[in-house]
Amino acid sequence: MLILCGIIMKILMFGWEFPPYISGGLGIVCYELTKALVNKGHEITLVLPAIKGKVDPNLHVTLVSGSQMTIDALPEPVRSEIKKEVMRQLEIKRIDSPLRPYITQKEYSELPIKIADLESEYLTKTQDLHRSFELVFSGDYGPDLISEVTRYSILASIFAKIPHDVIHIHDWLTVMAGIKAKQISGRPLVYHVHSLEFDRSGENMNREIYNIEKLGMELADKIIPVSYYTKELIIKYYGIHPDKIEAVHNAVKKEEVAPSCESSVSELKRDKIVLFLGRITFQKGPDYFVEAAAKVLQKRKNVRFVMAGSGDMAPRMIERVAQLKIGRYFHFTGFLRGSDVEKIYAQSDVYVMPSVSEPFGISPLEAMRYNVPVIISNQSGVAEILKHALTVDFWDIDDIANKIIALLDHNALRNEMVTRASEELKNFQWDKAAEKVADIYNEITKHND
Amino acid sequence: MRSQNTMINLCFYFQVHQPKRLRKYTVFDIGKSHFYEDDEVNRSIMQKVANKCYLPANNVMLQLIKQYEGRFKISYSITGMAIEQFKRFSPETLDSFKRLADTGCVEFINETYNHSLCFLFSKDEFVNQLRLHKEMVQKEFGQTPCTFRNTELIYNNDVASAAEDLGYSVILAEGADKILGWRSPNFVYQPQSCQKIRLLLRNYKLSDDIAFRFSNREWNEFPLTTEKYASWIHSHAGSGEVINFFMDYETFGEHQWADTGIFEFLNALPASLLNHPDFCFTTPSEIRDKLSPVAKLDVPEFISWADIERDLTAWKGNSMQDDALETLYSLRETVYKKGDPNLLAAWRFLQTSDYFYYMCTKWFADGDVHKYFNPYKTPYEAYINFQNVLADFILTLEQ
């Protein structure tokens with residue numbers, strides 16, 4: 001359905017993942033937001049990095065650190081919709097690049113494909129591209145992530161010639177591309193912040209990435225963080241004036257989920273299941289989940305802990321579980337895909353998101369769609385909008401354990417939370433988020449004209 | 001001199017209550033610590049409220065009573081939970097209430113000792129808590145109460161009958177639209193099932209003008225002066241016999257801060273009200289001798305003075321509240337049989353209605369008021385903490 005309201009905008013958008021190639025929450029967010037904007041009549045050209053050709057079929061898993069989701073992980077109605085749907089006003093352009101959202105420098109250097117491999121392919125392309133390319137390649141840079149981001153930006157700048165009213169970028173990988181496009185077209189720039197280097201790495205921030213983020217924030221006409229939590233971090237750590245920042249919370253898909261429980265009765269199900277699902281990285285706080293599990297197991301034995309996902313902290317977590325001698329109650333599933341994700345949500349009794357720093361955190365909303373009560377970190381954006389969730393400080397393992405046990409023990413608590421939460425989920429609509437984003441476009445283009 | 005019949009009686013009654021806040025009690029405390037109260041928080045809240053409200057408000061009341069030489073009268077209901085905490089954390093507050101009692105112009109009303117919902121769960125316990133509270137009023141204030149108000153003005157025909165059976169001559173309730181219909185709250189009624197007891201109904205509009213709206217700048221009557229307020233009351237001359245102003249005492253200085261001018265308002269109010277010769281101050285028990293019921297009032301369903309609904313849904317009805325309440329009251333026989341005064345006292349203080357109020361999830365309409373009074377971030381946390389405490393209490397009971 002096309003709902004026209006306000007001024008129609010032509011948006012030049014730079015992203016880095018989009019269904020069906022998604023590894024985290026951002027692909028879904030980008031998909032839902034663009035869909036809602038297009039429904040309001042706006043026109044979007046979405047520029048994405050994409051791997052073509054020589055890529056190993058198994059690359060997707062090894063490439064993406066602790067990746068959570070693929071297209072197959074999405075519930076069926078959405079999955080087919082994505083496959084079938086051609087959005088009339090959304091044009092997707094792909095640029096050859098191995099950029100991936102959660103890639104680290106180390107992983108990048110271990111990639112089976114390198115810029116050098118792609119080079120010959122690029123050089124055969126348009127004259128325009130060829131010229132830009134030479135610019136980049138004339139510099140003395142190694143095959144590192146930052147250079148890849150720069151190269152992407154120069155390739156992307158070609159698209160700046162497409163007519164547009166506003167430029168919309170998502171996270172640091174696209175910052176240079178957005179800046180470049182703004183230099184060329186002079187149109188206002190919106191920087192949508194889904195996560196910060198501070199979230200991903202805490203105090204051990206990569207300076208170069210931080211600098212790119214800060215530059216993007218300084219040059220952007222408006223910054224849209226996904227929460228007030230992230231807004232505060234931007235003010236505090238990046239020194240940006242609050243007036244330039246307007247938080248827009250993510251929303252949740254409307255589609256109903258029919259948990260397929262009958263087919264999924266596994267061995268585990270004799271006990272209650274407490275779930276962690278996410279990348280096993282510093283940012284997600286997996287270590288606090290393990291410590292809380294040990295605390296719970298001091299008091300209750302009829303419970304299993306499941307850690308679903310992969311990531312650089314996985315080996316340490318496995319060791320810690322062994323050291324605590326709770327291995328018989330603690331299960332690592334590795335990276336889950338497709339119906340396994342649905343199954344694990346549907347079988348779980350408690351979902352825990354102990355993130356150290358979570359700009360939004362869409363996975364608790366997913367768990368809630370499967371009628372799983374959730375415990376979420378206070379250090380998250382989603383805690384700002386969820387009323388019917390239990391909140392904890394990620395470091396307070398006693399409190400996490402206390403709340404897990406309460407949910408295991410008391411049906412009255414579970415029932416009340418689950419009933420209220422399913423009502424609450426209906427409030428978080430992408431339409432409303434897109435409306436706020438469109439208002440921001442209007443505001444900054446007015447100033448610009 | 002005017003005949004008593006043309007006079008309109010102004011009946012001011014103030015509720016005084018402070019729950020004992022529970023300390024943060026996790027599953028790891030169960031079986032290890034049997035101390036449930038947060039002394040630090042309770043001390044600081046009691047001292048804060050004493051300084052902001054109880055002491056200054058009592059001071060104003062005492063001055064007014066002296067100044068008007070018997071023409072200014074008020075009444076209080078003070079819960080056992082509040083009195084116990086006065087003794088521990090603010091003895092000067094209790095002394096100042098005693099001085100008010102000594103004037104002879106203050107009536108003390110009877111209620112459940114623990115500000116509990118026991119009427120809904122156990123008639124034995126209801127009788128016991130009323131007796132405990134009556135004994136406390138006798139001991140502290142030297143009065144034997146003959147007026148009864150149930151916790152949070154929870155009321156129906158059965159509450160009235162129970163009160164009549166226990167010998168009370170006046171009972172208080174909310175003047176809710178749904179029980180009054182076209183009738184006015186400004187008369188004395190008789191509960192449907194009763195012969196003797198008088199029913200006094202809160203005039204919620206005039207009460208809430210002070211309690212809720214006084215400092216609200218959005219209100220089109222802001223600012224509320226004593227002259228304006230008195231003129232609204234005086235407009236009732238000739239229609240009505242008693243106007244009941246029931247409110248939390250914490251209105252003065254705690255809900256409406258001193259800088260809103262609430263104490264000046266209070267101080268000037270008796271003069272403005274007595275300016276009209278047809279108005280006088282009364283206490284509930286005096287009504288018994290002054291006025292007769294104009295009609296019977298049938299209230300089969302429970303009402304209260306809480307929220308828009310004026311029903312019980314602030315304290316019971318959601319699954320957490322019901323689970324916690326049912327578990328707690330299922331212990332009655334065991335607790336009685338054990339006869340241990342410490343266990344009995346602990347079981348009773350856990351009955352304080354506030355703990356169930358904190359578990360209320362109907363935030364949508366009444367969220368603001370609930371949040372203001374709720375020390376927990378969510379009703380779920382309130383429930384978890386209470387259930388942990390209760391689990392320890394049950395363990396102790398079973399030993």
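**Figure 1. Chain A and its contacts across the sequence.** In chain A of this predicted model, take the contacts between residues at least 6 apart in sequence: 75% of them join residues at least 24 apart. Chain A has 449 residues, and 50% of them count as buried. As for its secondary structure, you'll find 19 helices and twelve strands in chain A.

**Figure 2. Helix α2 of chain B and its neighbours.** Here we look at helix α2 of chain B, which runs over residues 80-89. Its buried residues are B:G80, B:M81, B:A82, B:I83, B:Q85 and B:F86. What do they pack against? In chain B, the partners are the strands β1 (8-16) and β2 (74-78), plus the helices α1 (39-68), α3 (91-102), α4 (123-141) and α13 (341-349).

**Figure 3. Where chain B touches chain A.** At this spot, 16 residues of chain B are in contact with 17 residues of chain A. On the chain B side, α11 (319-329) and α16 (379-398) each supply at least two residues. The largest share, five residues, comes from α16(B). Sort the chain B side by class and you get seven nonpolar, six polar and three charged residues.

**Figure 4. The two domains of chain B, side by side.** The domain assignment of chain B gives domain 1 (4-297) and domain 2 (319-398). Their C-alpha centres lie 24 Å apart. Where the domains of chain B meet, 25 residues of domain 1 are in contact with 19 residues of domain 2. The domain 1 side of that meeting place divides into eleven nonpolar, eight polar and six charged residues.

Definitions and conventions:
Residues numbered from 1 in each chain as written. Chains lettered and ligands numbered in written order. Predicted model: local features only at pLDDT ≥ 70, side-chain atom pairs only at ≥ 80, totals over all residues. Helix = DSSP H or I, 4+ residues; strand = E, 2+ residues; numbered from the N terminus. Buried ≥ 20, exposed ≤ 12 C-beta atoms within 10 Å, placed from the backbone. Contact = placed C-beta atoms within 7 Å. Nonpolar A, V, L, I, M, F, W, Y, C, P; charged D, E, K, R; others polar. Domains from an automatic or database assignment.
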